[in-house]
Amino acid sequence: MLKLSKLTIAVAAVSMMAACGKKEEAAPAAAPAPAPAAAPAQSTVEVLHWWTSGGEAKSVAELKRIMQDKGHAWKDFAVAGGGGDNAMTVLKSRVVAGNPPAAAQIKGPAIQEWASEGVLANLDETAKAENWDTLLPGVVADVMKYNGNYVAAPVNVHRVNWMWANKAVLDKAGVKAVPTTWPEFFAAADKVKKAGLIAVAHGGQNWQDFTTFEDVVLGVGGTQFYQDAMVKLDAKALTSPTMTKSLETFRKIKSYTDAASPGRDWNLATAMVIQEKAAFQFMGDWAKGEFTAAGKVPGTDYICAAAPGTANAFTFNVDSFAMFKLKDATAQKAQADLAAAIMGTEFQEVFNLNKGSIPVRLNMDMAKFDDCAKLSSNDFVATAKAGGLVPSIAHEMAVPPAVSGAMKDAVSQFWNDDKMSVADGVKNIAKAAATK
Ligand code: BGC
């Protein structure tokens with residue numbers, strides 16, 4: 001539970017200042033805002049999000065433009081910090097203080113938790129008028145609803161189990177084929193190391209550690225094991241030999257990262273791959289937004305491939321915005337316009353072209369999308385049919401925030417402490433998964 005009442009305003013305010021004060025390094029400024037629309041602003045819509053990297057800022061600028069075109073003033077409430085932990089801390093403090101933003105980037109089971117606090121607005125009128133029930137995959141619509149009512153609007157589908165590779169670096173190191181299994185991956189990584197380059201660009205933050213970890217569990221154990229251990233949190237699966245093997249593989253990856261990885265932001269790790277300093281990065285396809293913003297072309301400059309052993313699976317991460325209950329009628333109108341814009345075809349195309357994700361709205365024309373997005377789109381449909389579509393824990397799609405938070409801490413402790421035995425790592429993660 002969010003336990004809003006237990007948060008003191010003072011503590012939250014301090015963390016808010018800390019989080020707001022943190023600047024994402026080397027994040028280019030958002031694209032210049034277009035000239036204000038001719039119509040007078042009907043209402044100011046304040047939107048909390050954590051999209052501050054180059055590709056992310058370009059993407060959210062499109063939403064701002066669309067809202068301005070509808071005559072609304074946009075108040076940007078960006079809280080830097082990949083994965084959104086900082087943003088969620090700041091959001092809690094604003095809600096506790098009785099001053100929520102109009103909309104906030106909230107996703108997965110957290111949507112249910114916020115709705116159960118009674119603070120979210122009902123979006124059914126817009127959803128009905130715009131036919132959301134027929135335009136959304138059922139698995140997504142269910143997450144957006146609380147007690148059968150829409151309380152959040154989905155933006156996209158990110159695939160998390162990607163491996164990004166720099167083509168020139170692979171050529172330099174003599175890696176002929178993109179690795180598709182973990183043994184192949186380690187053989188390729190050895191070659192990169194020998195060539196004097198960094199094999200794995202990694203950002204040592206707990207959500208990034210976990211992003212790599214869940215790729216490994218999926219690749220080593222397969223979809224059913226991932227479901228049992230990471231989604232159902234089955235104690236037997238969590239303490240099985242497959243989990244031991246997963247942790248061994250995970251630890252081995254660390255030996256291919258550079259010494260400067262602790263604390264590094266994800267987009268700086270992506271920049272290492274873009275700039276030919278590193279060969280690979282394990283990251284969701286928001287990383288593609290960085291390649292795109294840098295003018296790089298998939299297949300020519302870089303490669304997108306499923307993380308080793310995960311080609312028949314798809315870890316999904318759906319971004320969405322929940323709206324907070326506001327009293328003012330013009331503010332409510334702005335929220336309805338925002339919800340409609342998010343699910344509209346214009347936004348779904350232009351936002352996702354920049355963001356690296358694929359539209360969540362069904363039957364969108366994919367003509368303008370690149371090969372990585374087309375592969376993602378095909379795999380999303382195929383894995384949904386065959387049973388390989390699984391929620392990402394690292395990106396808060398699978399289990400309540402309290403559980404995923406404890407699991408992330410346990411995984412990062414193992415990653416950071418080379419002296420911790422694999423057996424202790426397994427034990428700690430299983431204990432964290434039992435958090436109530
Ligand atoms: C979000 C993405 C975002 C990424 C890095 C993920 O959890 O879903 O939209 O780009 O974090 O900040």
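User: Which residues make up domain 1 and domain 2 in the domain assignment of the chain?

Analyst: The model is predicted, so local features need pLDDT of at least 70 and side-chain atom pairs count only at pLDDT 80 or more, while totals for chains, interfaces and linings use all residues. Residues are numbered from 1 along each chain as its sequence is written, and side-chain values use heavy atoms, with hydrogens and water left out. With bounds that come from an automatic or database domain assignment, domain 1 is 13-27 + 36-156 + 318-374 and domain 2 is 162-316 + 379-433.

User: What area is buried between domain 1 and domain 2?

Analyst: Contact, meaning heavy atoms within 4.5 Å, joins 29 residues of domain 1 to 27 residues of domain 2. Buried area is the accessible area (1.4 Å probe) that two parts lose on being put together, summed over both. Carbon and sulfur atoms give 58% of this area, which is about 2200 Å².

User: Which three residues supply 22% of the area that domain 1 buries against domain 2?

Analyst: The share of these three exceeds that of any other three residues on the domain 1 side. The residues asked for are Pro109, Gly356 and Cys372.

User: Which side chain meets that of Asp370 in a salt bridge?

Analyst: A salt bridge here is a side-chain nitrogen of Lys or Arg within 4 Å of a carboxyl oxygen of Asp or Glu, and the rule finds 1 across the interface of domain 1 and domain 2. For Asp370 the N to O distance is 3.0 Å, and the partner is Lys288.

User: How many residues apart are Asp319 and Lys107, which form a salt bridge?

Analyst: The closest N and O atoms of Asp319 and Lys107 are 3.8 Å apart. Asp319 lies in the loop between β12 (314-317) and β13 (320-323), and Lys107 in the loop between β3 (103-105) and α4, where helices (H or I, at least four residues) and strands (E, at least two) are DSSP runs numbered from the N terminus. The pair links distant parts of the chain, with a separation of 212 residues.

User: How far is an oxygen atom of the ligand from an N or O atom in the side chain of Glu56?

Analyst: The ligand is surrounded by 14 residues (a heavy atom within 4 Å), and the closest are Glu56, Lys107, Asp319, Lys355 and His395. For a ligand oxygen, the distance to a side-chain N or O atom is 2.7 Å at Lys355 and 2.8 Å at His395. At Glu56 the corresponding distance is 2.4 Å.

Key: A polar contact is a pair of N or O atoms within 3.5 Å; within protein, one must be able to donate a hydrogen and the other to accept it, and residues adjacent in sequence count only if both atoms are side-chain atoms.
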